[in-house]
Amino acid sequence: MPVHPASPPQLTSGDLVLRAFRDSDVADLLSVFDDEDVARWSPGPHSEPEVIEWMRGRNDWSDRTHASWAVSDTAGRVLGSVSMHKFDSDQRDCELGYWVAPWARRRGIAARAVRHVVDYGFTEMGLHRIYLFHAIENVASCGVAYAAGFRVEGELKLSYRYPDGTYHDEHLHAILAAEAPALG
Ligand SMILES: CC(C)(COP(=O)(O)OP(=O)(O)OC[C@H]1O[C@@H](n2cnc3c(N)ncnc32)[C@H](O)[C@@H]1OP(=O)(O)O)[C@@H](O)C(=O)NCCC(=O)NCCS
């Protein structure tokens with residue numbers, strides 16, 4: 001029976017913890033959203049009150065439109081975030097997004113966390129398809145998508161206006177429940 005909790009359940013994947021955002025994350029989140037690559041491809045708020053409001057939204061799943069987690073190490077430090085959003089309960093699909101903090105990159109964290117969230121979406125939330133978009137220049141995001149098992153479904157022309165104010169071509173990637181091996 002599909003579930004969509006009202007707040008993030010804590011999940012563990014080896015030495016990664018997927019959990020709700022906490023007040024103690026604020027300073028790290030301000031650093032993350034100041035990072036050049038995050039600001040370019042996955043922007044967030046830049047003041048403490050805005051970050052607190054942003055966390056409140058990420059932790060509140062009660063409208064059933066999204067499912068978002070902080071990714072941390074076992075000591076509790078934020079390493080990244082994975083979010084499923086634009087839930088369509090009729091089609092049983094959603095979009096997925098992610099970022100990893102500059103201090104945690106190139107250690108496979110995005111790929112592992114995305115695989116875990118995808119597994120949760122298919123096995124617990126009853127999803128049929130999960131898709132994501134990234135600007136074609138964002139080769140790091142493309143690598144994460146492939147590493148997490150998402151196929152490329154197509155190349156979109158000037159499909160999204162990014163924070164630089166211009167439209168970029170994007171890849172559409174997706175994974176079906178039938179394609180996703182259970183993570184165990
Ligand atoms: C994209 C991002 C999430 C990658 O996080 P990460 O934890 O460093 O990624 P992983 O270590 O899981 O990398 C998985 C694969 O992606 C590719 N990859 C990751 N970073 C890369 C980079 N800087 N350049 C080229 N390929 C890269 C590699 O193929 C990598 O596998 P490998 O290390 O075995 O070669 C991170 O760079 C980020 O937060 N960028 C800014 C925000 C963003 O672009 N979000 C996505 C918006 S669509």
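**Reading the sheet and its surroundings**

Reply: Arg92 is placed in the loop between strand 4 and strand 5, where strands (E, at least two residues) and helices (H or I, at least four residues) are DSSP runs numbered from the N terminus. This is a predicted model, in which local features need pLDDT of at least 70, side-chain atom pairs count only at pLDDT 80 or more, and totals for chains, interfaces and linings use all residues. Residues are numbered from 1 along each chain as its sequence is written.

Me: Which phi does Lys86 have?

Reply: Lys86, not a glycine, has a positive phi of about 55°. This residue is found in strand 4, and Lys86 counts as exposed because it has 12 C-beta neighbours inside 10 Å.

Me: How do strand 4 and strand 5 pair?

Reply: Strands of a sheet pair through backbone hydrogen bonds, either parallel or antiparallel. Two strands pair here if DSSP finds at least two bridges between them. Strand 4 (residues 78-88) and strand 5 (residues 93-100) pair in the antiparallel sense over seven bridges, and Val82 stands opposite Tyr98 in strand 5.

Me: In what order do the eight strands form the sheet?

Reply: The order is 1-2-3-4-5-6-8-7, in an open sheet with mixed pairing. Strand 1 (11-13) and strand 7 (151-161) are the edge strands, each pairing on one side only. Neighbouring strands of this sheet are turned by 25° against each other on average, direction ignored; axes are lines fitted to C-alpha atoms, for helices over the stretch in contact, and angles run from 0 to 180 degrees between N-to-C directions.

Me: Which strands does helix 5 lie across?

Reply: Helix 5 (residues 139-147) lies across strand 5, strand 6 (129-135) and strand 8 (167-176), and runs at about 160° to strand 6.

Me: Which residues does Ala110 touch?

Reply: Two residues are in contact if their C-beta atoms, placed from the backbone, lie within 7 Å. Ala110, in helix 4 (residues 109-123), touches Gly80, Tyr98, Val100 and Val144, not counting residues up to four places away in sequence. Ala110 is buried because 26 other C-beta atoms lie within 10 Å.

Terms used:
A residue is buried if 20 or more other C-beta atoms lie within 10 Å of its own, exposed if 12 or fewer, and partly exposed in between; C-beta atoms are placed from the backbone.
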